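Me: I have a structure to go through. Could we discuss the core, the packing and the chain contact in turn?

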Amino acid sequence: MTYRFLVNAEPVEVDVPGMRRLLDVLREDLGLTGTKEGCGEGECGACSVILDGDVVDACLVPVCQVDGRLVRTVEGLAPRPPVATSAAVADGVSGPAPAAADARPLDELQQAFLETGGAQCGICTPGMLMAARAYLDDGGTRDEDAIREAIAGNLCRCTGYTKIVEAIARVARAGA
Amino acid sequence: MGDRPSTTTRTEPRLPGSPFRDPGSALVVQPGEITAGRARGRSPLRREGPAKLTGEAKYTDDLVFPGAWYGATIRSTEAHARLVAIDIDRSDDGFDWSQVVVVTAADIPGENVVSLISDDQPVLVPVGGEIQHHAEPLVLLAASSRAALREAKRRIRPRTEPLPPVFDPLTSEHVFAHYEIGSGDLDAAFATADLVLEGTYRVGHQEQLYIENNAMIAVPRDDGGVAVHGSLQCPYYIHKALKRALTLSDVQAQVIQAETGGGFGGKEEYPSIIAIHAALLARKIGKPVRMIYDRHEDIAATTKRHPAVVTHRTAARRDGTLIAQDIEVVMDGGAYCTLTPVVLSRGALHAGGPYRCPNVRIRARATRTNTPPNGAFRGFGAPQTEFAAEIQLNRIAEALGISPLDIRRRNIYRVGDTTPTGQVLRDSVAAEEVLERAAEASELERTRDRTATARTARGAAGAGRERDTPLTTGSARTASGIGLALAWHGAGFTGSGEVKLASVASIELTREGAIRVLTASTEMGQGTKTIFPQLVADALGVPYEAVEIAPQDTAFVPDSGPTVASRTAMVVGGLLLKGAARLRETVEAATGAPFAESYAPWARASGPLRIDQRFEPYPGIAFDDETYRGDAYPAFGWASCVAEVDVDLDTGDVTVRDVVAVDDVGAVIHPVLAEGQVEGGTLQAIGYATIEEIKLRDGRYLNDRLATYLIPTSLDAPRITAILVEAPFGGAPHGAKGVGELPMDVGAPAVVAAIHDATGVWIHDLPATPERILAALGVTPPRRDEPPPPEPGATDAAVAAPIDAGTDPRPDAPTDPLPLRAPTDRDAS
């Protein structure tokens, strides 16, 4: 079946079985590997995306439910969303591509995570950012308990959540 | 605890000009405060941060290799059996076997061994061989599509004959390792003691639960070798294992770390197995093979923290002075040796806790059971034995009527004291500093008074209450408590580990003038890719952004040792500082000008230049691995923790509200990253103390998915205040020790001590689940006739209790099956 919907404001069309997970469509059909799989059972939140304003686990949403709707992923947060490459071929085989500091554009939420130390290993970060983005877009305040509630569905094993909450509160204070 | 006044102030101004603080002063870095001065002690932005935050960072499963096949592993469903045959149903039902490849032990070109410490673990169980644990790998297969893979898997069935399993480490005769550490005359001390207290403590399995599951992709090389991309901590462990199992040369066994989503020790040794499996399949079909575990397989098959039973018998004087410790440690290694001897060693060396004691005997053994092999997990044996040491000391304090703070003040190690291995502590001893900071920042004593009065008002359990009468608490159904714990943690590898490793780290000045750090130390969230450029830039006097760090690819970087034991900043960071100093001297000698101004033109003219810096033993540090005498570690890190909890007296549910964690890291390189380690490690320890429990039945983990193995969410996490203390280590150029594992040693005992402060009962078995708390409170109806409860502080009769009765706080109190009970639990109710 063919499904047409928006991903980060860009129209996409995929011809896949209706019950294929949105997570697999994003990662394998559209090459948007920013959304991660941590459990495949809706427990860890690493695959959180925003579907028409609501945070959902992409591992639990069949693509047929997304027809005609708007999906936002981590790749869409930065001001100039990088072009979704169809298949990002692995680089790095041709000699060491040194990770020099790069000036990638970041939105204020990503910048706050970077400055407070809200991202360590980074595997939960995309999902965490989407949950935080939805919370802020809904007018979320800097109240710590409300922030913790908003990200309660996103497991992080590295940070103890302290600096994640601090980053989201910083953006909420700035009246994003 | 309210808004605590900021009682911890920075005591020592930085020495002008010198990047190093006055080595003698212990300096407290305020939480979140970025120390002034040079790059060192500042918090430059995480080097790979932007890529992680925009979703562009490539983890293993994000990598695309056109034409790759999908790999899978067929595993044992029995704990102990003989593999009689592997039946493959090739009946012609239209299934296209040309799209599938099958690999068994017979296909292994080299040795069927996962190379680590001992050669007991096979890559695949050979036909005719013995299956030693549930989920053990038997057959590998790969297919061009996931659908073909599923169909092929259904057509392959191992045939087995069951063998009798052993599940109880206490009775298992197969011993992986045993140690005896000791000094002094115990009998004399016990004879003259004012108090002798015994206690047995049990800690169960714990899953590392990195949010990125294990994953490896093997890509055939033109030279007949293989390049393995994966989620890993130790590239050269995998390199060595690949060479041995596939008879490859150094060049042919290329290991490349992809972005790694957390490890915590769980990706130290197991990745070697997955890499070999993927490589075997890739070589057989000449195509890349993706071996990506899902959560269920990752929990069911990979390593856990070693369960342990620790028995203490302690002699003390009336004033709280410890005069004798007789400690026995038994760890469950699981089916194969893996790293168990080293985990047991660290657990044994730390078993007495950070306390001076003239007469000590520590006997430790690790035995085999037919359960999946246990392995490395943050703390590496120390959290297990230090939980027991801290609860035992708290019980002694209670028995003698001394506060937990005062009994620690009386016994903690100070400079000049001697450890059970005969090591004299000369340098970087901060037990007192971290203890006092934690007590001060948490207002420990004042809060203890408050919780004590509340407890007496409730007629709380402990002193003379009737059996089974629920706590008479009127309206207050929640009890609050505060608990203290202290720990030490040897910095770097145990004994002569670092000397044997002889790690090498390199810095390269390329012809184009790029400064590049080359090490095998991996980034897995702790900040390696940030602090290494930061240290080298500081030493060369160039900006942080001017120093690059090469990817962890064994084709390009030297073997700087595994990324474990919180050694990365201390040992490998120290090598880089020495290498940078040599690079600077060489260029400045040639140009006669400061490095920062002259290195680029010099490089173009007469570069490139590469400095390889090899580890040299720390002067004056020696350890005898045979007798276990001498300096077990060049220095120790010190940590203290105060936790505040609320216990729901109806449900036994524990809420950890507030934690102060104080860690001495020697020297703070990057405050934000160091705080992140303390906060993350503290929450992992709180999970270990409260909700993380693995139960087994017939050698199989019952909770093997995230719905049943719970880790703390943002709502479970307390407010954590991380306070960093600096007692610089003279043996390292920057004075820095490790930080990653310190918080893991103190979180659990602090929470259990707080539960006691709230309820009056001691939980001896981790995790302190609601069931255990209610059982200890005697609230759950007794399931069998009970002997009278022992008098508080009297000898704990638990030691004598047979294993199936378990060693409950009150031997008669029913608790849910203990982690170490034979998994075929006879359901008592």
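Reply: A definition is needed to begin: a nonpolar core is a set of buried Ala, Val, Leu, Ile, Met, Phe, Trp, Tyr and Cys residues joined through C-beta atoms within 7 Å. Please note that this is a predicted model.

Me: Fine. Which residues touch the most other members of the largest nonpolar core?

Reply: That core holds 296 residues, and those touching the most other members are B:Val228, B:Leu242, B:Ala278, B:Val536 and B:Val751. Helix H17 of chain B gives the largest share of this core, 11 residues.

Me: What is B:Val536 in contact with, apart from its neighbours within four places in sequence?

Reply: Its partners are B:Ile507, B:Ile515, B:Val517, B:Val547, B:Leu576 and B:Ala580. B:Val536 also takes part in the contact that H13(B) makes with H14(B), where B:Leu576 and B:Ala580 are among the residues on the H14(B) side.

Me: How do H13(B) and H14(B) cross?

Reply: Two packed helices are described by the angle between their axes and the distance between the axes. Here helix H13 (residues 528-540) and helix H14 (residues 568-591) of chain B have axes that come within 9 Å and cross at roughly 30 degrees. The crossing of H13(B) and H14(B) is right-handed. The residues in the contact of these helices comprise 12 nonpolar, 3 polar and 1 charged.

Me: Staying in chain B, how many residues of H18(B) are buried?

Reply: Helix H18 (residues 770-777) of chain B has 6 of its 8 residues buried, so this helix is largely enclosed by the rest of the structure. The buried ones are B:Arg772, B:Ile773, B:Leu774, B:Ala775, B:Ala776 and B:Leu777.

Me: And what do those buried residues of H18(B) pack against?

Reply: They pack against strand E24 (636-648), helix H17 (742-759) and strand E29 (765-766) of chain B. After H18(B) comes B:Gly778, which has a positive phi near 70 degrees.

Me: Now chain A. What is the strand order in the open sheet there?

Reply: The sheet has 5 strands in the order E2-E1-E5-E3-E4, with mixed pairing. E2 (10-15) and E4 (54-57) of chain A are at the edges and have a single partner strand each, so one side of each lacks a neighbour in the sheet. On average, neighbouring strands of this sheet are turned by 40 degrees against each other, direction ignored.

Me: In what sense do E3(A) and E4(A) pair?

Reply: Strand E3 (residues 48-51) of chain A and E4(A) are antiparallel and share 4 bridges. One of the bridge pairs joins A:Ile50 to A:Val55 in E4(A). Helix H3 (residues 125-137) of chain A packs on the sheet and touches E3, E4 and strand E5 (70-72) of chain A, with a direction about 35 degrees from that of E3(A).

Me: Is A:Val49 buried or exposed?

Reply: A:Val49, in strand E3 of chain A, counts as buried because it has 29 C-beta neighbours inside 10 Å, where 20 or more are required. Beyond four places in sequence, the residues that A:Val49 touches include A:Val56, A:Val71, A:Thr73 and A:Met130. The C-alpha atoms of A:Val49 and A:Thr73 are separated by 5.3 Å, although the two residues are 24 residues apart along the chain.

Me: Last topic: how many residues does the contact take from chain B and from chain A?

Reply: It takes 55 residues from chain B and 54 residues from chain A. On the side of chain B that touches chain A, the largest share, 8 residues, comes from H16(B). That side divides into 25 nonpolar, 13 polar and 17 charged residues.

How values were computed:
Residues are numbered from 1 along each chain as its sequence is written. Chains are lettered from A and ligands numbered from 1 in the order in which they are written. This is a predicted model: local features need pLDDT of at least 70, side-chain atom pairs count only at pLDDT 80 or more; totals for chains, interfaces and linings use all residues. Two residues are in contact if their C-beta atoms, placed from the backbone, lie within 7 Å. Helices (H or I, at least four residues) and strands (E, at least two) are DSSP runs, numbered from the N terminus. Ala, Val, Leu, Ile, Met, Phe, Trp, Tyr, Cys and Pro count as nonpolar, Asp, Glu, Lys and Arg as charged, and the others, Gly among them, as polar. Axes are lines fitted to C-alpha atoms, for helices over the stretch in contact, and angles run from 0 to 180 degrees between N-to-C directions. A crossing is left-handed if the near helix is turned anticlockwise from the far one by less than a right angle, and right-handed if clockwise. Two strands pair if DSSP finds at least two bridges between them. A residue is buried if 20 or more other C-beta atoms lie within 10 Å of its own, exposed if 12 or fewer, and partly exposed in between; C-beta atoms are placed from the backbone.
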